[in-house]
Amino acid sequence: MSPKILVIDDHKETLDLVSLVLQKQGYRVSIAHSGQEGLDTASAQQPDLVLLDVMMPDMDGYTVCRKIRATPGLSDTPIILLTAKSQPDEKWEGFEAGATDYLIKPTNAEELHRRVKTILVSRQPEDKATQAEIGGPTVMTMSPFARSQVTVFVGSKGGVGTTTAAINTAFAQSQSSLTLLADLDMTQGNVALYLNQKNASGLNDLAAGSPLRISGQMANNLVKVAPNLNFLAAAPNIDGQLATMNENHLPPLVEAMHASGSAIIIDGGRGIHRGNSAALERADQIVVVTSPERVSMASARHLIRSLNNLMLPTCILHVLLISFGASPELPKEKVEKYLDSPIVDFIKVPAAKMASAVNGGKPLIGTNESDPLTAQFKNLAKEVATL
């Protein structure tokens with residue numbers, strides 16, 4: 001039987017539009033015109049998901065959300081807030097109230113369907129045959145406070161050291177806890193090239209299959225590159241011949257990584273793109289990697305402004321400066337003021353050491369605590385990737 005969805009909104013036009021979109025997708029839809037009516041309907045019908053407007057006259061959506069969470073039998077029901085509010089502190093208020101996700105009004109039918117489908121599929125397989133086909137248990141959709149920590153490294157432009165930072169932070173983190181390194185730059189595939197990995201199509205293989213299979217199949221596509229470090233690789237795909245993650249695959253992939261019990265380090269490549277946006281939207285930490293030169297810094301400034309509108313209100317954003325070879329000394333305070341974001345570190349990598357690491361398919365860091373690079377990346381891991 002198809003899932004039951006309750007839509008609570010005081011605007012008839014919104015109720016009619018949302019109901020029509022969901023009914024066309026085969027869902028059973030109930031509606032409520034006020035907060036109190038919504039609570040009564042939810043208690044009586046026990047829906048599989050609630051779509052809840054924030055701005056209502058009798059009782060706002062945050063209050064309704066809290067009351068649903070306090071109602072026996074409804075405490076785990078997914079709740080998507082429908083809101084015209086897009087500021088980080090307003091999103092944070094929704095998550096504090098117990099919301100599972102949020103959609104900014106006005107939203108289009110495709111986005112509404114995708115969010116609803118992602119949450120419902122990740123919570124319950126359609127039937128036992130589907131569960132067997134997936135190959136394992138489904139991944140529960142979790143609140144932003146009950147999951148493995150995800151840190152995404154994203155570059156202000158190409159060549160600034162994003163892959164170098166992600167790899168070495170992952171290796172540093174793996175010295176103290178189980179870590180998963182994933183490469184969401186599915187065009188370049190730089191992590192696999194850097195680490196000289198031949199079996200480098202794990203993400204492409206997942207992308208070639210059904211999104212329903214991801215939770216059960218992800219573990220089969222991991223490559224162990226160190227005792228506590230697993231790698232989810234993407235093969236170089238400049239010619240576009242291999243499968244890549246799309247908007248249907250990415251949310252269940254991120255949730256599967258969340259459920260893995262590992263510290264998650266993601267190389268997100270350059271800027272915001274369709275291959276990394278789902279991870280950036282759900283990240284706990286975002287590290288913007290840039291170099292100490294004018295174009296990179298200007299690009300970083302624009303990227304940070306865009307990320308502030310995309311990321312969770314609970315997410316912490318850092319800036320990491322990396323240089324290879326000689327580099328100018330920049331006043332930290334002036335750079336932070338220009339970027340309007342704190343600098344977590346400035347890592348200077350000798351060109352010869354970088355060439356040696358890449359040629360050998362090895363990380364820059366080792367086990368020697370007195371080595372400056374090892375110490376810096378271990379400190380970076382503690383700062384941004386600690387569970």
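Which residues have the most contacts inside the largest nonpolar core?

1. The model is predicted, so to speak of local features a pLDDT of at least 70 is needed, side-chain atom pairs count only at pLDDT 80 or more, and totals for chains, interfaces and linings use all residues. Residues are numbered from 1 along each chain as its sequence is written, and side-chain values use heavy atoms, with hydrogens and water left out.

2. The largest nonpolar core has 65 residues, and those with the most contacts inside it are Leu52, Leu253, Met257, Ile266, Ile286, Val288 and Leu307; helix α13 (residues 294-310) gives the most to this core, with 6 residues. Apart from it lies another core, of 35 residues, among them Val191, Phe231, Val349 and Met354. A nonpolar core is here a set of buried Ala, Val, Leu, Ile, Met, Phe, Trp, Tyr and Cys residues joined through side-chain atoms within 4.5 Å, where buried means under 20% relative accessible area, exposed over 50%, and partly exposed in between, with a 1.4 Å probe and protein chains only.

3. Leaving aside residues up to four places away in sequence, isoleucine 266 touches Val150, Thr151, Val152, Phe153, Ala166, Ala182, Leu184, Met257 and Ala279, contact being heavy atoms within 4.5 Å.

4. An open sheet of 8 strands, with mixed pairing, runs in the order β8-β9-β7-β10-β6-β11-β12-β13, and its edge strands, β8 (223-226) and β13, each pair on one side only. Helices (H or I, at least four residues) and strands (E, at least two) are DSSP runs numbered from the N terminus, and two strands pair if DSSP finds at least two bridges between them.

5. Within this sheet, β6 (residues 150-155) and β11 (residues 285-290) pair in the parallel sense over 5 bridges, with glutamine 285 as the bridge partner of threonine 151. Strands β12 (residues 316-324) and β13 (residues 343-349) are also parallel, over 6 bridges; the chain crosses between them through helix α14 (residues 332-339), and this β-α-β crossover is right-handed, that is, clockwise from the first strand over the helix to the second with the strands pointing away from the viewer.

6. Helix α16 (residues 372-384) lies across β6, β11, β12 and β13, running at about 155 degrees to β13; axes are lines fitted to C-alpha atoms, for helices over the stretch in contact, and angles run from 0 to 180 degrees between N-to-C directions.

7. Cysteine 65 counts as buried because its relative accessibility is 0%, and cysteine 315 is buried at 8%.
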